[in-house]
Amino acid sequence: MSRLPSLCALLSALSLGSPALAASRASFGGSVTVAHAGVAVPPDPALADAPADAALRALDTTGLCRDTPEGLTLGLARSMTRSSPDQLEITLADGLQSRKGAPLTALDVVTAWDRLFRGSPYRALFAPIRGGEAGLRAASVGRDRLQLPLAFPWPDLERSLCHPALAITVPAGFGARTGVGPFTLASPGHFRAALGFPAGRPFLDRLAVETTDARGAARAFALSRAQVELDGEAGVEGPRRFATYLLFREDRTGPGFRARVEASLDRSDLVRLFVRGPAAPLSALLPGAPAPTTPTPLANPPRGQSLTLLYDGSLPSQRPVAERIALKLHDRGYDVRLQGLERAALRERWASGDYELMLQSILLPAEAGPALAVALELGGQHARLAQELPAIGALPDDGEREALALSRAGALTASSQAIPLYVQGVRLKKGPRVAGGNLDALGVPDLSTLFLLHDAQLAPPGGP
Amino acid sequence: VSVAWALTALILGSAGDVPVRRATTSAPNALPRQAPASAAQTLTGLADLLTAQIRAAVPPPPLAVSLQPAESRAAPDAQALLPLLLARLSAARLAPAALNCEHDCEQAALTCDHDCDQAALTSGARTLIQLTLREDAGVWTVQGELHGVWRNFWDGARAVPPPGPTAALSATLPAPKGAEPLPLPPPETGTPTLVATELATLPDAVEALGAADVDGDGTDELLVLTSRALLTYDVQGQRLGQHPLDALAPAPIASRDPRGMIAVLPSPLRVLAFSQTRAAGEVLAWDAGARSLRATGTLDSPRWGCSGQTAQVHFTEGENTFAPAVLKRPFGRISREAVALTCRLGADGAYVAQVFPDGAAQVQTPGGPRSLAAVGSGIAFVDLDGEGTPELATSSALLDPDPDVLTFSSAKAPSRTIPLPGRILELTALRMAQGQREALVAARALPDGTWALTRVEEVSR
C-alpha cells in the first residue's frame, strides 16, 4: 500500500531520462566556458556541497541519480526498485569505468558511502538502513547490485540517495579519488564529454571552468569569454537548500547561550547585509518549518567568557557573518575569537566535537524527511533519528510526510545544538546562445544538460 | 592615449547622423526587362544582383544577413532567397550568417534598429545587412542597407556612426510567370479550415510516429514508438495494442534525447521499428487473432521508408541525429547529420525532406529541390485536401515556441498555419478512410513532461 505511489512516481521518473526538449531539438556539440566566482572545488563530493561546487563536482563525479523537480533521473544506476516494501534494490549501469579505467562495482559504491560515516553529517541519509553502517557495508550483492534493507518504511530513500554528497568516488592511487561523470577532466579546468556516460553523453563536446572572483566572473561573462556564470549578480534561481547553522557546545558555552544568541541576532539583517547571493533567513531547522518561540535570555550574562568561533574560510559569506555574530555576542558578554578553517578541517572538528562555536553549511535534501535527518545529525541529535524518522516514513503520502517532518523540525529546533541562520541558493546566468542547465530539486544546476542554440532557435527580438 | 580616443569619439559624435551613402562602385541593381522567368530563376537573379552590390561595398566579414518579407505572402520566397544569398556571400569569403531580427521600424518599437545591431554584434558579426523582399504586381524588389556594427569600447553609450562602409542595397526583377499576388483565401463559409483533435496523452517521450493500415480495415492506424513500447492507436485515438520492447537489450551507448524510426513494408504488411534506446529493432506483423502486433524478427539498424520502399540509416551514436549516408533512390543522400527525415512517393514522383540541427531543411519534390532556412524537427508531407499533391507540414524552429505553430506550405496554395500548445517534435500523415484525404498527427511535448497526440485535418464548413 505504502510503496505503490512511490513506485508509480519512480516508474514515471525513469522515463524522464532526457530533459523535455523543444519544437526544434537540442543539438549536440560545441563548447561553453563557465565562470565561477569562488575557490577551487574540493575533490571530495561530501565536501563540495555548496550548490555551485556541487554543480561543478558533478561534471566528472556523479551519483546514482539526480533529484529533479519532475522526478528522479538515473545516473550511474540502471534501476532502483523496491523488491519488497522494506528493501531497495539498485542495479548499476553497465560498463562503468572510472577515469583510470578501473571498473566501478557495487562494492565501490558501498565503500564510497561508508566514508561518510567518518565525519560527515550526510551519514544521516543512511539512518533508515537496517543495521546502520554494518547494514550498508553488507549491501553489495555481486558486481553491480546493491540491496539496501530498511529498518522502517522510508519512501524518500531513492531520492535522498541522489544527494550530491553521495556521489561515487573510487581510489585513484596516492590517496586521490576519481569518479564517473558526464564529462572527463582533460586538463585542469577543461572537461571533455564522456561519450559512454550511462544517461547519455552531454550535449556539449567541451566545457571549461574559469574559477575566479565575482568581479572576474562578471567581466568574463560581459566580454563573452564565458557563456555561463555561476553565483553571479543576476540569473536563474532555484530552491534555496544550502543552510548555514551556528553550532554550539552547551557544555562549553554555559547555559542560556541559545537564548542570548536568539535575542541578539536579527537574521533578516544578517541576510541583507552580510550574505552573498540569493539567500533567506532561516529561523527553524528546516526552511518552511514553523519558527519556535524565542526564549527569554537569562538575567545574569557572563562577563568576558572566552569562546572560539570556527568558520569555513572557503565560503565568502561566512567570514562577515562570523564577524557580525562575534560583535553581537560581545554585547552579550562573550569574548569571541574567530578562526577560519578549510572545509575538511571544519568537518573533522565537527565530527570530533572539538569546538565551542562553529558555522556549518550543509546542502539540505529536497524532501523534508531526509533534510530533517541531516539537520538533526548536524545539531548533535543523532539519538533522535531513531525516534523521529519511523513516524515520518510510515506516512505513504508525500505531502503528509512533508508536513509532519516540517512540524517536527519546528518543534526540535529549540533542543538542537544548531542555531539556524540562513539558507542560500545559486544563480545561473546563461548567455543568449546557451540553453539547458536546469536547476534540480536541491537548487544545483545540471551543467551536463547545457546546449548551444542555433540562429533559427533563437526567438526574434521583440517577438512574443 | 585614452584622451585622444575620447576626443575622437567626441568629434565623431558631434558630427551627428551620417546619411546612408550609396556604394561608390556602381553595381547594377536591375536587369533589363525580359520575359518573366520561373520563381527560382528570379530569386537566383536577385541573389546575384545583391551579391554584386555587397561585394562592391567591401564590407568587413563576418556578415549578419537579415531578410524579411514585406508582406506575409512573400515569406516563402524570402525563406528561399536567404540561403541563395548566403551561399553566394559565402563563396565570396564574406562569412555570412542568417540573422532573424525584425527591422521594419514602422511596425516594431523605435529601438528596433539598435536591437538588430545588438543581435548582429552578439552573433559575432562585423557588418549587418538588412533586406526586405517586396512582391508587387509584376515586379519583385529587395531593398535594404548595409552597415558596420562594430563599436569602439571608448564610445560608451554615445550614439556614434559605426565605422566601416555603409551602402544602400536595392535589386529589382520582373516577377516570375504565375507569381502574381495570390489572393488571400476569403474568410466566408465554404472554405476549408484546419481543425485539431486531441487523440491521447502519453507519459513517455514519443521517439517516432508512423502510420499503416495494420489490420487491413481500409483506415490507417497510428504507430507510436516510445523507449518502452510500440503503441497502436486507431484514428480516433483509441489504443488498440501495446507491444513492449523489453525483449530487446538496451543500447550500449545511451542518448539524452533518444530517437526512433518506424517504416512499413507492404504485402504482407510488416512494421519495422527501431528505438535508439535499444541495441536492435524489431520486425512486427499484425496478429489478427490477438489483435496486436507481434515480433517476427529483429532489425540490426533503423529503416527509413515510405510507400513500401525503405533504406537503411544509422543514428549518430549518443546523439539525436541520423548519420550522413549515401542511400538508394529516391532517398538520395543525407549530406550531413540530419535531425529529421521524411519522404513520400506520390504519383508525380518522390517527395523527400531532411532537417538539419541548425534549422535548415533540404526538400526534394518533383518540382525541383528547395532549401528552407528555419524549420523545426517536426516535418511531414501530408495531402490534407486529397487532390494528389502533398503539402509540407513543418513545426516552428524556435527552441521554446509559445505556442508552437504548424505550417502547411505547398507550391499551389498560400501557406496555412495552426497553433498548437506544447512543442511539436514528431509528425506523420494518416489516411483517415478510403480515398486520398489525409490527416496529420503531431506528437507534442508538454511542459509537465507528458506528451500529447493531436490530429489535424481539413474540414469544409
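Start with α14 of chain A: its buried residues pack against α12 (368-378) and α13 of chain A. This is a predicted model, where local features need pLDDT of at least 70, side-chain atom pairs count only at pLDDT 80 or more, and totals for chains, interfaces and linings use all residues. Residues are numbered from 1 along each chain as its sequence is written, chains are lettered from A and ligands numbered from 1 in the order written, and side-chain values use heavy atoms, without hydrogens and water.

Select those buried residues of α14(A): A:Arg401, A:Ala405, A:Leu406, A:Ala409, A:Gly410 and A:Leu412. Buried means under 20% relative accessible area (1.4 Å probe, protein chains only).

Now show all of α14(A). It has 15 residues and reaches 21 Å from first C-alpha to last, close to the 21 Å expected at 1.5 Å a residue. The expected span is 1.5 Å times one less than the number of residues.

From α13(A), pick A:Arg384, A:Glu388, A:Ala391, A:Ile392 and A:Gly393; they meet A:Arg401, A:Leu404, A:Ala405, A:Arg408 and A:Leu412 in α14(A). Contact means heavy atoms within 4.5 Å. These residues divide into 5 nonpolar, 1 polar and 4 charged.

Finally, switch to chain B. Look for 4 helices and 29 strands. Of its 461 residues, 48% count as buried.

Definitions and conventions
Helices (H or I, at least four residues) and strands (E, at least two) are DSSP runs, numbered from the N terminus. Ala, Val, Leu, Ile, Met, Phe, Trp, Tyr, Cys and Pro count as nonpolar, Asp, Glu, Lys and Arg as charged, and the others, Gly among them, as polar. Buried means under 20% relative accessible area, exposed over 50%, partly exposed in between (1.4 Å probe, protein chains only).
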